[in-house]
Amino acid sequence: MHLLLRIEQSGICQWIRSTDSIFGYYGILTVHAIGMGIAVGINACVNLRILGFAPALPLAPMEKFLSLLWLGFWMNAVSGTILLATDATHKLVNPDFYVKMLFIALALANLQLLKAHVFRDPQIDTKPLSTKARVLAVTSLACWLGAIIAGRLLAYQAAM
Amino acid sequence: MNVVHLHLLLNHIPTVGFGIGVALFVGALVAKSRDVKRAALSILFLTGAVTILAYVTGSDAKAAVASTPDGSTAQIDAHETAALVAFAFMQATAFFTWLGLWAWRRLGDLAGWNRATILILAVVTFGLMARAANLGGELRHPEIRGVLDSVASAADGVPGERLTAARSWGKYVEEHSWVWPTCEILHFVGLCLLFGAALVVDLRILGVAKQLPLAAVYQLLPLGLLGFTLNLVTGMAFFVATPQQYTGFLFLLKMGLVALAAINVLYFMLADGAWTVAEGDHMPIGARLAAVSAILIWVGVLFCGRMLPALGNSF
C-alpha cells in the first residue's frame, strides 16, 4: 500500500489530477474513450459481419483493420496505466478493476483464436462461416461488453 | 448572443423547416416525383438533427424566462412537455427518413412501408410541433395567449405536487441509482458501434483496405445509425433527467457537431461520388474531404462528451 500511495502522490500524478490543461485527467480519459471506440468498434464490425450483418462485405480485407484495432488497444494500455497510477490506492484494491482486466485478456485471446480460425482460412469468403466462427464472434462481443460494463462501473466506485 | 437567442433562432426550424419538408413530401407523393421526394426526405432528416439543438437550448431559455417577473412556471412547463413529446416524434420521423435515404441507393425509390411510416409520423409530428411552438410563442406574446392559459390553469388546479414528464423522469433517475450507470454503459456501447462503423467506412474511402468493395462498405452505415440511436435515447435520458448540468459551451459544441455529422452522412447517402469509383480510379476529392471531416467530427463529439465533467458542470 505504501508503494501505491507513493505512485499516486508522485509529482506527475498530482499534476495530472489537478491541472486544467487538456493533457490532464480528462484529456487522458478522452484518449481512453477514443481508443475504446477504435478497438471495440472495429471488433464489433468484424464480429457482426461474421454473424451475418452486411453479408456482401468480404471478410478477408477486413484483416487490414485489425492493426488499427491494436492501435486503439495500445492507446488504451498507455492511457489506462496513467489513469491507474493517479488513483492506484483505490483501483488496485477494487475487485472490479481485475474483472475488467480479465475481460480484456479474454477478449484479446478470443481475437487470436478468431484470427487463427477465420482469417487464416483461405476459403474465408467462398464457403459459409463455421459454427465455431460464429461462437467466437459472440464471445468476443460478450467480452468487450463485459470490459465496458466493468470499466464504467469503476468510475462510480472510485469515489468510495 | 447567448444560448437564449440561439433557442429563439433555432426553434423556428422544427416548425417552419419541417412544415416545408412535409408539404414537399406530400406534394411529391401526389405528383409522383422521385427527386422531390428525395429532397423532402433530406429536409425532414436535417430538421430532425437541428431539432436536437433547438431542444437542448430550451433549458437555458427556461431559466431566463422563469427569472422574469411575468414568467409562469406552469406555462413554461406546458411548453416543455409539449416540446418533449414533439421532439420524440420528430426523432422517430428522422430515423425512418434516414432508413429511406440509405435504402434509396439500392431501391431507387422509397419502399411502400417506409413511405407510409414517414407520412404518418411526419403529419403527427407536425401537429405536435405546432402545438409546442404555439405554447412557446404564447410565453412571450400575451396578446395571443389562449391555449396556454387553459393548459396552465388546468395544471394549477391539480392538488399536491405536480410534476412534468421530464421532472418525473428526473425524480425516477434520482431515486433509482442503477438507471444512470446503465444508460452510461449503453451510451458507451453506442459510441463504439457508431465510431467503429464510421472508421471502417471513412478509412475505406480514404484508401485503406482497397479490396473491400465500396457498395459492400455502404452496408455498414446502418450499424452507425444503430449506435447513434442508442446514444440519442440514452443521451436524452441524461439531459431530460438533469438539464441543469448541460448548459456550457462544450455541450452546445457537442450538439452542434452532431448536427454537422447529420449533414455529413446525408452527403454520403445523396452523392454517388464515393460509391461509384471504378477499381484503380481516384476517389473524388469531395468524398475524401467528407470522410476526413466525418472522422474529425466524431472525434470532436467524443472529446466534448468526455471533457464535459472537466470544462462544464456535469458528471
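The following questions and answers concern a predicted model and treat chain B and its contact with chain A.

Colleague: How many helices and strands does chain B have?

Modeller: Written from the N terminus on, the elements of chain B read α-α-α-α-α-α-α-α-α-α-α-α-α. The count for chain B is therefore 13 helices and 0 strands.

Colleague: Why is chain B said to be as compact as a globular protein of its length?

Modeller: Along its principal axes, the C-alpha trace of chain B spans about 70 × 50 × 35 Å. For 315 residues the globule rule gives 20 Å, and chain B comes close to this value, so it is as compact as a globular protein of that length. The radius of gyration of chain B is 21 Å.

Colleague: What percentage of the residues of chain B count as buried?

Modeller: A residue is buried if 20 or more other C-beta atoms lie within 10 Å of its own. Among the 315 residues of chain B, the share that counts as buried is 40%.

Colleague: Among contacts in chain B between residues at least 6 apart in sequence, what percentage join residues at least 24 apart?

Modeller: Two residues are in contact if their C-beta atoms lie within 7 Å. Of the contacts in chain B between residues at least 6 apart in sequence, the share joining residues at least 24 apart is 78%.

Colleague: Which helix gives the most to the side of chain A that touches chain B?

Modeller: In this pairing, 29 residues of chain A are in contact with 30 residues of chain B. On the chain A side, α3 (25–50), α4 (64–86) and α7 (131–157) each supply at least two residues. The element that gives the most, with 14 residues, is α3(A).

Note on methods
Residues are numbered from 1 along each chain as its sequence is written. Chains are lettered from A and ligands numbered from 1 in the order in which they are written. This is a predicted model: local features need pLDDT of at least 70, side-chain atom pairs count only at pLDDT 80 or more; totals for chains, interfaces and linings use all residues. Helices (H or I, at least four residues) and strands (E, at least two) are DSSP runs, numbered from the N terminus. The radius of gyration is taken over C-alpha atoms; the globule rule is 2.2 Å times the number of residues to the power 0.38. A residue is buried if 20 or more other C-beta atoms lie within 10 Å of its own, exposed if 12 or fewer, and partly exposed in between; C-beta atoms are placed from the backbone.
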